[in-house]
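Good morning, colleagues. Please turn to the sequence and the model on the screen.

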Amino acid sequence: MSTLDATRAELALIVLYLNKAEARDKICRAIQYGSKFLSNGQPGTAQNVDKSTSLARKVFRLFKFVNDLHGLISPVPRGTPLPLALLGKSKNALLSTFLFLDQIVWLGRTGSHLQNKERTELIGRISLFCWMGSSICTTLVELGELRRLSKSMKKLEKNLKDSDNYKNEEYCAKLQKSNERTLALVKAGLDIVVAVGLLQLAPKKVTPRVTGALGFATSFISCYQLLPSPPKSKVN
C-alpha cells in the first residue's frame, strides 16, 4: 500500500468516526469537562465554555432515549443469569429516563414555554440521579460479566493445557472481551463519581476540578471505545 493510499484509508476512518453523532457528543463532552476542570467552578471564560458546550450537547442526544427503550424491551441473551439480566434492564430503564428528562431540561433552558426555572432544575437533578443509578447498574453488570468471563477462560486454559493460549482464537476473543469490559467497568465507576460531583452530594471531596478531571477521563475512554476498527490488510 502506497503512502497516499494509507493516508486515504486513515482519513476515511476519521470521516467515518466524525460522522457519528455519538462521537461528536463525546468530543464536546471532553471539551465541557476540560473547561470545568480549568474553571474549578469559578466565573470566567472556562465556565462559560463549560455551560455553552453542555447545552450544545443536548442536540446530539435528541431522541437518543429510544435506543435504551429498545434495549429495555429486547430479549436477554441466552444463558444470562437472572440478576445480571435484571440489572441490565434497570440500566436501560434509568438511562432512557435520564435521556428523556434531559430533553425536557434542554427545552427549559433554551427559552421555550417551559420556563419555570425551579421545575427545570428539579427535573435536571432527577435526571442526574437516574444517570448515576444507570452507572451503578453498569458497574455491577460489568463485574458480573467479568466474573463469568474469568471462569470460562480458566476452563479453556485447562482444556488447552500446554499449548500457547494466545494462539487459540476463542481464548484471544475472550481476552479481548475481558479487556473491553474492564475498560467499561473503569468508565462506569468514574461516571458515578462524576454524577456525585454534578449533584454536589460531597462538595468538599468531589470538587468541580475533580469532577472535571474524571469527566474528561471518561470522555476520553468513550471516544476510544467509539473508534472504528481499522481494515484488515490482505495477505497474499
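I shall begin with the overall architecture and then turn to the salt bridges and to one helix.

Please bear in mind that this is a predicted model. The chain contains 8 helices and 0 strands, and its pattern along the sequence accordingly reads α-α-α-α-α-α-α-α. The C-alpha trace spans about 65 × 50 × 35 Å along its principal axes. Of the 236 residues in the chain, 36% are buried. The accessible surface comes to about 15,000 Å², and carbon and sulfur atoms account for 62% of that area.

As for contacts between residues at least 6 apart in sequence, 72% of them join residues at least 24 apart.

How many does a search of the whole structure find? The search finds 12.

Let us take helix α6, which covers residues 117–160.

Elsewhere, salt bridges with shared partners link Glu-22, Asp-25, Lys-26, Arg-57, Lys-58, Arg-61, Lys-64 and Asp-102 into one network. Within that network, I would draw your attention to Lys-26. Its side chain forms a salt bridge with Glu-22, at 3.7 Å from N to O. Lys-26 also forms a salt bridge with Asp-25, at 4.0 Å from N to O.

Lys-26 counts as buried because its relative accessibility is 13%, under the 20% cut-off. Asp-25 is buried as well. Glu-22, by contrast, has a relative accessibility of 28% and counts as partly exposed.

Finally, consider helix α7, residues 169–199, in which Gly-189 lies. Gly-189 is partly exposed, with a relative accessible area of 27%. From Gly-189 to Glu-169 the separation is 20 residues in sequence and 30 Å in space, taken from C-alpha to C-alpha.

Thank you for your attention.

Key: Residues numbered from 1 in each chain as written. Predicted model: local features only at pLDDT ≥ 70, side-chain atom pairs only at ≥ 80, totals over all residues. Heavy atoms only, no water. Buried < 20%, exposed > 50% of the residue type's maximum accessible area, 1.4 Å probe, protein only. Helix = DSSP H or I, 4+ residues; strand = E, 2+ residues; numbered from the N terminus. Contact = heavy atoms within 4.5 Å. Areas by Shrake-Rupley, 256 points an atom, 1.4 Å probe, with all protein chains shown as cover.
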